[in-house]
Amino acid sequence: MNINVILKPVLLFAALAAGSQVNAASIGSYAFEDNAVADQLISGQGTAYNGTSWYAGNRDSNSWLTYTGQAWANTNTPNDTTDSDLSTSLAAMQGAGSLSLELDFSQTFALNGNGDDLAFFFIWDQTQNDATVSINGVSQALTVSNVFSTSGTEQVANRVDWDGSTYSNVRLMAASIDLSDFDISLGETLNESLFIDLQANSTSPMALSLTAALNSSITSISPPVTPVPLPPAFLLLLSGITGLGLISRRKKK
Ligand SMILES: [Ca+2]
């Protein structure tokens, strides 16, 4: 049992509730600012399960439905992947098709710093499942592995409610990416949402519980703007306008 992971969701939530106060947080060997959690689910496509309820996302209508046991009904956007709690998640289930989630950060900007920049945390065994991240029009399959502390202790998720039971020591896995692989320059912030596609190829749910920016900035940093040379046609037009001006001035005389 790992106390760090048990306490971490509580500590994260406390920092988020405090607002502007920014402190360092960590999950195993992954370190990030407390407010650097993707806290917005912009849209979703496909069927999701959170251990208790089923949801269906429709990106075109930017809406979510939930299953009442008899029919699908409108619902608010589920927040299981956008809270700061590792024990809650949205999952793609075997046979239910792929689940695509569009995520964003509202309190910070993910920054392309040195090394990996974004970490995705999953619960349950993901060794047979697939996840693909798309940013800036570039897609990359995630390589997911167990999470360890800096001293080498394997981390787990606790208090996971699933199918009517509460589980401890649930396998915690993570994958990280470098924004340089997505055509984002070093020192540049991510100024758009990111997409993650989840596919369960096994009976183990492909369950995303939390996304963190390992490098972040409270202000948007754009790459330096290089001057655009004027096209030759525009220069010709400009000289034509100047010429007309000269003619009209001559006519007035
Ligand atoms: Ca990087």
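# Reading the terms of this model

Me: A polar atom in the side chain of Asn 50 lies 2.9 Å from the backbone nitrogen of Thr 52. What makes this pair a polar contact?

Reply: A polar contact is a pair of N or O atoms within 3.5 Å, where within protein one atom must be able to donate a hydrogen and the other to accept it, and residues adjacent in sequence count only if both atoms belong to side chains. At 2.9 Å the pair of Asn 50 and Thr 52 falls inside that limit, and the side chain of Asn 50 also reaches the backbone nitrogen of Ser 53, at 2.6 Å. This is a predicted model, in which local features need pLDDT of at least 70 and side-chain atom pairs count only at pLDDT 80 or more, while totals for chains, interfaces and linings use all residues. Residues are numbered from 1 along each chain as its sequence is written, and side-chain values use heavy atoms, with hydrogens and water left out.

Me: Why does Asn 50 count as buried?

Reply: Buried means under 20% relative accessible area, exposed means over 50%, and partly exposed is in between (1.4 Å probe, protein chains only). Asn 50 has 13% relative accessibility and therefore counts as buried, although its place is in the loop between E3 and E4. Strands (E, at least two residues), like helices (H or I, at least four), are DSSP runs numbered from the N terminus, and the protein has two helices and 20 strands. Apart from neighbours within four places in sequence, Asn 50 is in contact (heavy atoms within 4.5 Å) with residues including Tyr 55, Asp 80 and Trp 162.

Me: How do you know that Asp 125 and Arg 171 meet in a salt bridge?

Reply: A salt bridge is a side-chain nitrogen of Lys or Arg within 4 Å of a carboxyl oxygen of Asp or Glu. For Asp 125 and Arg 171 the distance from N to O is 3.3 Å, so the pair meets the definition. The two residues come from distant parts of the chain, 46 residues apart, with Asp 125 in the loop between E10 and E11 and Arg 171 in strand E17. Asp 125 is partly exposed at a relative accessible area of 29%, and Arg 171 is partly exposed at 31%. The structure holds one salt bridge.

Me: What makes a set of residues a nonpolar core?

Reply: The term is used for buried Ala, Val, Leu, Ile, Met, Phe, Trp, Tyr and Cys residues joined through side-chain atoms within 4.5 Å. The largest such core has 34 residues, and those with the most contacts inside it are Leu 118, Phe 120, Ile 196 and Leu 198. A second, separate core of 24 residues includes Ile 27, Tyr 49, Trp 124 and Ala 212.

Me: How do you know that Leu 208 is buried?

Reply: Its relative accessible area is 0%, and Leu 208 is therefore buried. Leu 208 lies in strand E19 and touches, among others, Leu 101, Phe 120 and Ile 196. The C-alpha atoms of Leu 208 and Phe 121 are separated by 6.1 Å, although the two residues are 87 apart along the chain.

Me: Where does pLDDT stay under 50 with zero contacts beyond four places in sequence?

Reply: That stretch is residues 243–248, whereas over residues 1–20 pLDDT also stays under 50 but the model has 34 such contacts. Since pLDDT is the predictor's confidence in each residue, from 0 to 100, the mean of 87 describes the protein overall, with 79% of its residues reaching 70 or more. Where pLDDT is low, the predicted coordinates should not be read in detail.
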